[in-house]
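Here is a short briefing on selected packing features. Please read it alongside the sequence and the model.

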Amino acid sequence: MSGSKSFEISKHLVFEAYLRVKANKGAAGVDGESIEQFEADLRGNLYKLWNRMSSGCYFPPPVRMVEIPKLGGSGKVRVLGVPTVADRIAQTVVAMVLEPMVEPVFHPDSYGYRPRRSALDAVEVCRERCWSTDWVIDMDIQGFFDNLDHDLVLKAVAHHTDQRWILLYVERWLKAPLQRPDGSLLARDRGSPQGSAISPLLSNLFMHYAFDLWMAREYPGVRFERYCDDVVVHCRSEAEAHRVREAIAGRLAECGGLLLHPDKTRLVYCKDGKRRGSAEHTSFTFLGYGFRVRKVRTKLGIYFFSFNPAISDEAAKRIRAQIRRWRLHLRSGATLEQLAREINPVVRGWINYYGRFFPSSLVPSLNRINDYLVRWLVQKYKRFRGRWMRARDALGKHARVWPGLFAHWKLTKP
C-alpha cells in the first residue's frame with residue numbers, strides 16, 4: 001500500500017467486498033447505477049473507492065428510500081434504504097473488518113446475521129425451551145431500526161476497535177440522509193436504515209449491549225432467543241414474565257428511548273396437553289413460524305398435544321399469494337418441465353425453511369400449485385376441457401412416473 005495514505009486498507013479486501021455485493025445482487029441506489037454498470041469499469045471504480053476510503057475522503061451519497069407495505073394488510077409501510085453499489089461495497093469492507101472483532105463476544109442466543117447461525121437454529125432452540133418453561137414474552141421493539149441512538153452505536157463500535165477509519169465511516173453512514181422518491185432529502189439524527197450492508201452488524205452490536213449482556217447480568221436464569229430485533233424470552237411463571245417485561249421496557253427506554261410496542265408485545269402461555277391453564281394469549285409467531293398447541297403423533301402411533309412451531313398463517317398467506325402471481329394456468333405455451341425449472345428454486349426454499357418443523361402444515365399451501373397445474377392441463381389440452389378429474393388423474397400419473405419433476409411433489413402428490 002502507498003505510504004501516503006491516511007488509512008491502511010487492502011485493495012484485496014475491497015475486491016472481496018465487491019464479490020460479496022455482487023453475490024447478494026440488489027437494486028441500484030440514488031445514482032441509478034446497477035452492478036452490471038458498475039462492472040463496466042470495474043477496475044477503475046474499485047480503485048477510486050479504495051483510494052477515497054484510504055485517504056479518509058470517502059463520503060457516502062444519500063440512501064435511496066424505498067417504502068414497502070408491512071405484512072398483515074395494515075396499510076403501514078416499512079422504510080428500506082438502498083445504498084449505491086459503491087457504497088454497499090464500502091460498507092461491506094468495514095463489516096468484514098469489524099465482524100471478526102465483535103463476533104467472538106456475541107451472546108450464544110443471538111442468531112441474526114451471524115456466520116454459522118440461522119433463523120431455523122433459533123426456532124429449534126425456542127421450541128425446546130417452550131417445552132420446559134410455561135410462559136413467553138413475545139417482544140416487539142417499536143421502530144427499532146428507525147430509532148437506534150447514534151451515539152450509543154458509535155460507543156459500542158469504539159469499544160471494539162480503535163481504527164479511526166472504521167469509526168469515521170460508520171458515523172458518516174449513520175448520518176447519511178435518505179432520498180425520498182421525489183428527490184428531497186431527509187436528514188437523520190438517529191436510526192440505521194434496513195437494507196444497508198453495515199446495518200445488521202451495527203444493530204446486533206447495539207442489542208448486544210442494550211439487551212443481551214444486560215439480560216445475562218440481571219436475569220441469568222431467564223433464557224431468550226434473539227434474531228436482530230425479534231426476541232422471545234422464556235419465563236417460568238406469569239408473575240416472572242410480568243416482572244421481566246417491565247424491566248426490559250425500562251432498560252430499552254434507557255438505551256436511546258426505545259419502546260416495546262404496547263399491542264404487539266405479549267405474554268404468552270405455552271398451553272398444551274399437560275399445561276391446561278387459561279390465558280389471554282396461547283400462541284405467538286417467531287421468524288415465520290407460528291407456535292401453539294398442536295396434535296402430534298409419535299413413532300408408535302400415539303397422539304398427544306404439544307406446543308410446537310409450524311409455518312405461520314402470515315407466511316402461508318404470502319406463499320399462496322406468490323403462487324397466484326405465477327399464473328401457471330395461463331402458461332399454456334410452456335411445458336411442465338419448463339414450469340418446474342422456473343418455480344422449483346423458490347419452492348425448494350419454502351420447503352427447506354418452512355418444512356423443517358411440522359411440514360404437514362405447509363402442504364395445503366403447496367397443494368395450490370397442483371390446483372394450478374390441473375388448470376394448466378385443462379387450458380392446454382382439448383381432451384381435458386371440462387374434465388377436471390381426468391386432468392387431475394393425468395397429473396397424478398405424471399407425478400408417479402417423474403416424482404422428482406416438481407420440488408413440492410416430495411411433500412404432496414396431485
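Phe144 is buried, at 2% relative accessibility. Phe145 is also buried, at 9%. The model is predicted.

**Aromatic pairs**

- Phe144 counts as buried because its 2% falls under the 20% cut-off.
- Phe145, at 9%, is buried by that cut-off too.
- Phe144 and Phe145 pair edge-to-face. Their ring centres are 5.2 Å apart, and the planes make an angle of 80°.
- Trp326 and Trp350 form a stacked pair. Here the centres lie 5.5 Å apart with the planes at 25°, and stacking requires planes under 30 degrees apart.
- Trp326 belongs to helix 10 (residues 313-326), while Trp350 belongs to helix 11 (residues 336-354). The pair therefore ties together parts that are 24 residues apart in sequence.
- Both Trp326 and Trp350 are buried.
- A cluster linked by ring pairs holds Tyr289, Tyr353, Tyr354 and Phe357.
- The count of aromatic pairs comes to 20.

**Helix 12 against helix 13**

- Helix 12 spans residues 363-380 and helix 13 spans residues 388-401. Their axes come within 9 Å.
- The axes cross at roughly 110°. Angles of 65 to 115 degrees count as roughly perpendicular, so helix 12 and helix 13 are roughly perpendicular to each other.
- The crossing of helix 12 past helix 13 is right-handed.
- On the helix 12 side, the contact is made by Asn370, Asp371, Leu373, Val374, Arg375, Leu377 and Val378.
- Helix 13 contributes Trp388, Ala391, Arg392, Ala394 and Leu395.
- Sorted by class, this contact between helix 12 and helix 13 has eight nonpolar residues, three charged and one polar.

**His107 in its loop**

- Where does His107 lie? His107 sits in the loop between helix 4 (85-102) and helix 5 (119-132).
- Is His107 buried or exposed? Its relative accessible area is 15%, and buried means under 20%, so His107 is buried.
- Which residues does His107 contact, leaving aside neighbours within four places in sequence? They are Arg114, His208, Asp212, Ala216 and Phe224.

Methods. Residues numbered from 1 in each chain as written. Predicted model: local features only at pLDDT ≥ 70, side-chain atom pairs only at ≥ 80, totals over all residues. Heavy atoms only, no water. Axes fitted to C-alpha atoms, helices over the stretch in contact; angles between N-to-C directions. Helix = DSSP H or I, 4+ residues; strand = E, 2+ residues; numbered from the N terminus. Parallel < 35°, antiparallel > 145°, perpendicular 65-115°, else oblique. Left-handed = near helix turned anticlockwise from the far one by under 90°. Contact = heavy atoms within 4.5 Å. Nonpolar A, V, L, I, M, F, W, Y, C, P; charged D, E, K, R; others polar. Buried < 20%, exposed > 50% of the residue type's maximum accessible area, 1.4 Å probe, protein only. Phe/Tyr/Trp six-rings, centres within 6.5 Å; stacked < 30°, edge-to-face > 60°.
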